[in-house]
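Here is a friendly briefing to read alongside the model. Keep the picture open and look for each part as it comes up.

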Amino acid sequence: MNPQSISEAPALELRDLRTEFRIGGAWYAAARDVSLKVMRNETLAVVGESGSGKSVTALSVLRLLPEAATRHGGGQILLDGEDLTTLSEKQMTRLRGDAIAMIFQEPMTSLNPTMTVGDQIAEAIRQHRRVSRKEARRLALEVLEEVKIPGAEKRFDHYPHQFSGGMRQRVMIAMALACKPRVLLADEPTTALDVTIQAQILSLLSDLKTAHGMAVIFITHNLGVVAQIADRVAVMYAGEVVETADVQTLFARPTHPYTEALLRAMPRVDADTEKLQPIPGSVPAINAVPKGCAFASRCPLKEPRCEAERPNLTCVGKEHHVRCVVRAEQYEGRA
Ligand code: ADP
Ligand code: MG
């Protein structure tokens, strides 16, 4: 392979990923035919209402879903071309927090309240790297400084509860970055923060992405956040990707009726807030997904055929795909 083709291969690619949960006696898919890719030095935002399958998709990548009631229903998860679905649990343990790291909305779910933050990060490093305690401490301090925690040296010996929400989120990012992951999965990491702190964390994540050449998958239900952080976007609905595009295209030419509805429901600084239109209805439960298009019952463009057959993802422009027969046909009519 020449260097160019290496850099152009996705760092992480999902191909037709299907993840199922057991409810009662039957299996139902919470992620269906999910195909995504993210390149090095790129942020892919995954957006959709609560219950769309965003977290299930991310947790499937790291195999972190409750084992007893979850199964891999098909598809591939390729990390630099290596299919993670074929790895043993031991191999996955080695990979988590090393090649792929994840940050969550609530830092306290990943931080140990009884250990100083410095020790936690140093320990995370020693789990994956053969380094002395002293060297691990040095690397931990380096990463605390990198996430711009003021007075990092002093803060090293503080406990998680001694940090504000925003600073704690920085500690968690430091922990995720400790082993310099190739891929970072961020699941609504700024949702609990106020707008100013949120903007600071988003800008920090962008800087870190560039500094490390990381591939970032950023999950959010908030299109405002998407506009701030994403290079490309995947819109999810009822466990499926319904639209993918680069961020400019998505905002300039949203094409799936669900994406349009999300945009109309989004508060904007430049628009009259009275025109905000919440989307009526809700995302179907995984055991109640209809046969045809999952969005049909909420869709202003619905036609009889939409309820009869599940639509495919169709190309409607350069790197722009939409899972809607009506819109795909309109595009073909124009093209
Ligand atoms: P999002 O992150 O987009 O808000 P999730 O990925 O958490 O949505 O959930 C997608 C769907 O899968 C939801 O309908 C949710 O209720 C269901 N789900 C998530 N986890 C489980 C589980 N462990 N068992 C059964 N259903 C689940
Ligand atoms: Mg979620």
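**A first look**

A polar atom in the side chain of R327 lies 3.0 Å from the backbone oxygen of T255. This is a predicted model, in which local features need pLDDT of at least 70 and side-chain atom pairs count only at pLDDT 80 or more, while totals for chains, interfaces and linings use all residues; side-chain values use heavy atoms, with hydrogens and water left out. Residues are numbered from 1 along each chain as its sequence is written, and chains are lettered from A and ligands numbered from 1 in the order in which they are written.

- You will find R327 in helix α13, residues 325–334; helices here are DSSP runs of H or I with at least four residues, strands are runs of E with at least two, and both are numbered from the N terminus.
- R327 counts as buried because its relative accessibility is 15%; buried means under 20% relative accessible area, exposed means over 50%, and partly exposed is in between (1.4 Å probe, protein chains only).
- Not counting residues up to four places away in sequence, R327 touches T255, P257, E260, L301 and V322, where a contact means heavy atoms within 4.5 Å.
- T259 belongs to helix α11, residues 257–264, and its 1% relative accessibility makes T259 buried.
- Between T259 and V47 there are 212 residues along the chain, counted as their separation, yet their C-alpha atoms are 9.4 Å apart.
- Leaving aside neighbours within four places in sequence, T259 is in contact with V235, E243, L250 and P254.

**E20 and its partners**

- E20 sits in strand β1, residues 12–23, and counts as buried because its relative accessibility is 7%.
- The side chain of E20 makes a polar contact with the side chain of R18 at 2.7 Å and another with the side chain of R71 at 2.5 Å.
- A polar contact is a pair of N or O atoms within 3.5 Å; within protein, one must be able to donate a hydrogen and the other to accept it, and residues adjacent in sequence count only if both atoms are side-chain atoms.
- Neighbours within four places in sequence aside, the residues in contact with E20 are W27, Y28, A29, A30, A69, T70, R71 and G73.

**Around ligand 1**

- The residues around ligand 1 are F21, A30, E49, S50, G51, S52, G53, K54, S55, V56, P66 and I286; to be near the ligand, a residue needs a heavy atom within 4 Å of it.
- By class, this shell has five nonpolar, five polar and two charged residues; Ala, Val, Leu, Ile, Met, Phe, Trp, Tyr, Cys and Pro count as nonpolar, Asp, Glu, Lys and Arg as charged, and the others, Gly among them, as polar.
- Helix α2, residues 54–61, gives the largest share of the shell, three residues.
- Oxygen atoms of ligand 1 feature in these pairs: 3.1 Å to a polar backbone atom of S52, 3.0 Å to a backbone N or O atom of G53, and 2.8 Å to an N or O atom in the side chain of K54.
- Taken alone, ligand 1 exposes 560 Å², and the protein buries 67% of that; accessible areas come from the Shrake-Rupley method with a 1.4 Å probe, and for residues only the protein chains shown count as cover.

- Helix α7, residues 165–177, has 13 residues and reaches 18 Å from its first C-alpha to its last, close to the 18 Å expected at 1.5 Å a residue; the expected span is 1.5 Å times one less than the number of residues.
- Ten of the 13 residues of α7 are buried, so this helix is largely enclosed by the rest of the structure.
- Among the buried residues of α7 are G166, R168 and Q169.
- The buried residues of α7 pack against β6 (100–103), α4 (117–128), α5 (133–146), β7 (183–187) and α8 (195–212).
- Helix α4 has twelve residues and reaches 17 Å between its first and last C-alpha, close to the expected 16 Å.
- Buried residues in α4 include V117, G118 and Q120, and the buried residues of α4 pack against α5, α6 (152–155) and α7.

**Two positive phi values**

- D80 has a phi near 45°, a positive value in a residue other than glycine, and lies in the loop between β4 (70–79) and β5 (82–83).
- D80 counts as partly exposed because its relative accessibility is 34%.
- E319 is not a glycine either, and has a positive phi of about 50°; its place is the loop between β11 (314–317) and β12 (320–322).
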